[in-house]
Amino acid sequence: MKVLVPVKRVIDYNVKVRVKADGSGVDLANVKMSMNPFDEIAVEEAIRLKEAGKADEVVAVSVGVKQAQETLRTALAMGADRAILVVAADDVHNDIEPLAVAKILKGIVDEEQPGLVLCGKQAIDNDMNATGQMLSALLGWSQATFASEVDVDGDSAVVTREVDGGLQTIKVKMPSIVTVDLRLNEPRYASLPNIMKAKKKPLDEKTPADYGVDASPRLTVVSTKEPEARSAGIMVGSVDELVEKLKEAGAV
Amino acid sequence: MAVLLIADVNAGELSVDATAKAVSAAGALGDVTVLCVGANCKGAADEAAKIDGVAKVLCAEDAVLGHQMAEPAADLIVSLAGDYSHIAAPGTTDAKNIMPRVAALLDTQIISEVTAIVDGDTFERPIYAGNAIQTVKSGDATKVMTIRTAGFDAAGMGGSASVEAIGAPADPGLSSWVEDKVAESDRPELTSAGVVVSGGRGVGSEEDFALIEGLADKLNAAVGASRAAVDSGYAPNDWQVGQTGKVVAPDLYVAVGISGAIQHLAGMKDSKIIVAINKDEEAPIFQVADFGLVADLFDAVPELTSKLG
């Protein structure tokens, strides 16, 4: 079975996000970028499937700016076998929407015929939580979102999902799209020899036009602003004072 | 303009709070038709009919729609979509599972976690874990969205809309439910509780979370947790408050041993009164707290529990 893993290049999760003064978006110039943390978990899970003999090839895909090849090299260094980069934007500030990404991924799935697509449940930049579900819809495949446990067995997979009420286990028919949540696994760090080896692994470059997809956005960004700051209140010196303040405020 | 609003139905029961808040948000967009989906959901549909501002309730009852599986639920919603300008749902994990599938089938870009409705095309939503708020205008013919309900007031329960039974789609045969592991609790539900007591990494262990639970029980509160506490195994995943967990806005939020990462603040900053207890006076949580107490939680929480009520 071939596993396809879409990965996104996003602002590093440790970087403090700054809104641009003109309100057009978030400043990404000269900012450290990394693989979306949820996607790292998806790559790790794909590699573990290969190590367990359940997958024979792991293909990483990214849709975005040319620099996303660094993100793909990270996936290759972790253990993916080859990579496909779809260059769909010149400017890092131009985010490709989930619908367009899903259409491009559908084109890749049609060519590659994977048995499983493993993706992060959401990207930490646009927080849409949509690409996996949209790809599943376009393919007419089953979907299992927010996975904390994945057990692939032949023509089906049993997936435990993190849901509002706790955990839900479902069984999906393969091929399937599984989107992964934080607690599925702990991604490995790439070793130096593997980083060197990754430089020689194949990385194909494509464009949305290769898949007949128009990647232009459906949503126009009207403005981007800082969230309303909540003003700090007062510090209390003791539990007694806290109880008194809460009673005054009618909170208890 | 007309809105199809997917109700939050769990095991046949309507989650009134989430649905009524979504109705009050969606009311700005046009007449609201509520859709209840489930193996048994007539009771939920009758309850939804009482929500003020609901024009009509559609009730789709069928075994294939039990457990809100995404594939048949999305097929059903798409089959109804032609009559509506907007399709919306409260931003539960069920809706996050189903609605992007609906959007893709309709060839529209979903608008996730809407926090404000500017007009029929224009919506506000948080991005970058709540570090920025973006206003987006959709050019799609049908708008598909999930609503982050915490910031909206619930509509009242004085309505009497009609309830219409509708058919279910064929089983696409793609996925099936196996089991739910739902923690049984007598405490209020986290997203609708008036008071929430949350613990963070500072609590230190699963056993010591009993301190948080003791304070919560004294306040008749729901229990929450930071991502760090959940990742460390101190608390179950369904307690997580934050951008990728639950978003809450209770009258009182007590954060214990929580540093206040932006990811967590995004999930609770709309609370009316925030109390923070942390031994680190530099913790960012104090910048959003109405009342801050620098103290060891192992001293302060038992003392607070005993001195309340």
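These notebook entries follow what I looked up at the contact of chain A and chain B.

Entry 1, ground rules. I am working on a predicted model, where local features need pLDDT of at least 70, side-chain atom pairs count only at pLDDT 80 or more, and totals for chains, interfaces and linings use all residues. Residues are numbered from 1 along each chain as its sequence is written, chains are lettered from A and ligands numbered from 1 in the order in which they are written, and side-chain values use heavy atoms, with hydrogens and water left out.

Entry 2, extent. I looked up the contact (heavy atoms within 4.5 Å) and noted 75 residues from chain A and 81 residues from chain B. The buried area, meaning the accessible area (1.4 Å probe) that two parts lose on being put together, summed over both, is about 6400 Å², with carbon and sulfur atoms giving 56% of it.

I found a count of seven salt bridges between the two chains, taking a salt bridge as a side-chain nitrogen of Lys or Arg within 4 Å of a carboxyl oxygen of Asp or Glu. I noted the salt bridge of Lys103(A) with Asp107(B), at 2.7 Å from N to O.
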